[in-house]
Amino acid sequence: MSGRFAPRPTRTTVRGGHVGVPGGVPRPAHAPASASASAAVRMLVREWVPEGVLDLGLVLGPLRRGPGDPTFRAMPDGSVWRASLTPAGPGTLRVSVVPGGGAVRGEAWGPGAEWLLERLPDLLGAADEPEAFVPRHRVVAMARHRRPGLRLTRTGLVLESLIPSILEQKVTTDEAYRAWRLLVRKFGEPAPGPAAGGRLWVMPAARTWALIPSWEWHRAGVDNKRASTILRAVRVARRMEQAVGMSPEDAQARLEVVPGIGPWTSAETVQRSHGAADAVTVGDLHLPGIVGWALAGDRDADDAAMLELLAPYAGQRHRAARLILLSGRVPERRAPRMRRGDIGAL
């Protein structure tokens, strides 16, 4: 979200916005890795030079599930830490901008370190094509001008985005983020490397998700419908992850074969796993009204109206929606906030 604008925090605006990574604070010194350290904690390093401006907060911000996300940390020194469960195993990645050189430095630990560094450019938007985007509205053009470092990330991991997206179905942001936080910390594992020690956690493996008892879902505030959808998805986890090799459209179709996963959830997933520039989030409570208000002054726009307004951006509709969210043009509230529920208290 634009730094000069502080609207109400809805699920759409928070996830589509910007994670602040303030600079100016010296990077804390890390203890040098011992030559005899095991491969599980040995640090691997890669530097990569992006083309053009790159804003780490904008690029990686959509991967954070709330300010208390145990798998994500934006540090005062400007670096971003992520803990992921890769096909090679758990891994921790620290990404920072090299002062004065324009390069990006990736430091990784754990069995998944090589996997994470190999895909570092894609994570930072190397496969994205922002130059293909042509603004058709003044508000979009201004947002693009003010945020030149926007790139669409591509994680190459499906379940990592799918499970929290399922948790976010039809509940408030706070409820979804709380559930993700509680479940990851209780059933995940500490992230390898210096960011461990309770600060970063790797999300549970598919089998672990499948074995979570019903009462633990209840305590986390997850109703049976969302829990059952996650259980159905992790039972075919391999098929879900294979969708990374498909086009975003085919990947969405595969995800939606699982009962409980619809267009909203599949779009939210491929936007992150595939860097899908055209995957529009339909079925969202807030997005149609925000797009309608920004482009046509219509706060009551529905999905059909939103898609009609975004039609000139065919192939880049998700990017257009991100820029609209970053513009800060949202309608004033006319109704009370959606009440937070807590089935764990029942």
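## Helix α7

Helices here are DSSP runs of H or I with at least four residues, numbered from the N terminus, and the expected span of a helix is 1.5 Å times one less than its number of residues. In this predicted model, local features need pLDDT of at least 70 and side-chain atom pairs count only at pLDDT 80 or more, whereas totals for chains, interfaces and linings use all residues. Residues are numbered from 1 along each chain as its sequence is written, and side-chain values use heavy atoms, with hydrogens and water left out.

Helix α7 covers residues 173–187, and its 15 residues reach 21 Å from the first C-alpha to the last, close to the 21 Å expected. Its buried residues (under 20% relative accessible area, 1.4 Å probe, protein chains only) are T173, E175, A176, Y177, A179, W180, L183 and V184.

## The nonpolar core

A nonpolar core is a set of buried Ala, Val, Leu, Ile, Met, Phe, Trp, Tyr and Cys residues joined through side-chain atoms within 4.5 Å. In the largest one, which has 34 residues, L162, I163, L183, W209, W217, V222 and I230 touch the most other members. At least two residues of this core come from each of α6, α7, α10, α11, α12 and α13.

With neighbours within four places in sequence left aside, the contacts of L183 (heavy atoms within 4.5 Å) include L167, P204, W209, W217 and V222.

## Q169 in the loop

Q169 lies in the loop between α6 and α7 and counts as buried because its relative accessibility is 13%. The side chain of Q169 makes a polar contact with the side chain of T265 at 2.7 Å, and a polar atom of the Q169 side chain lies 3.1 Å from the backbone oxygen of G260. A polar contact is a pair of N or O atoms within 3.5 Å; within protein, one must be able to donate a hydrogen and the other to accept it, and residues adjacent in sequence count only if both atoms are side-chain atoms.

Key
Buried means under 20% relative accessible area, exposed over 50%, partly exposed in between (1.4 Å probe, protein chains only).
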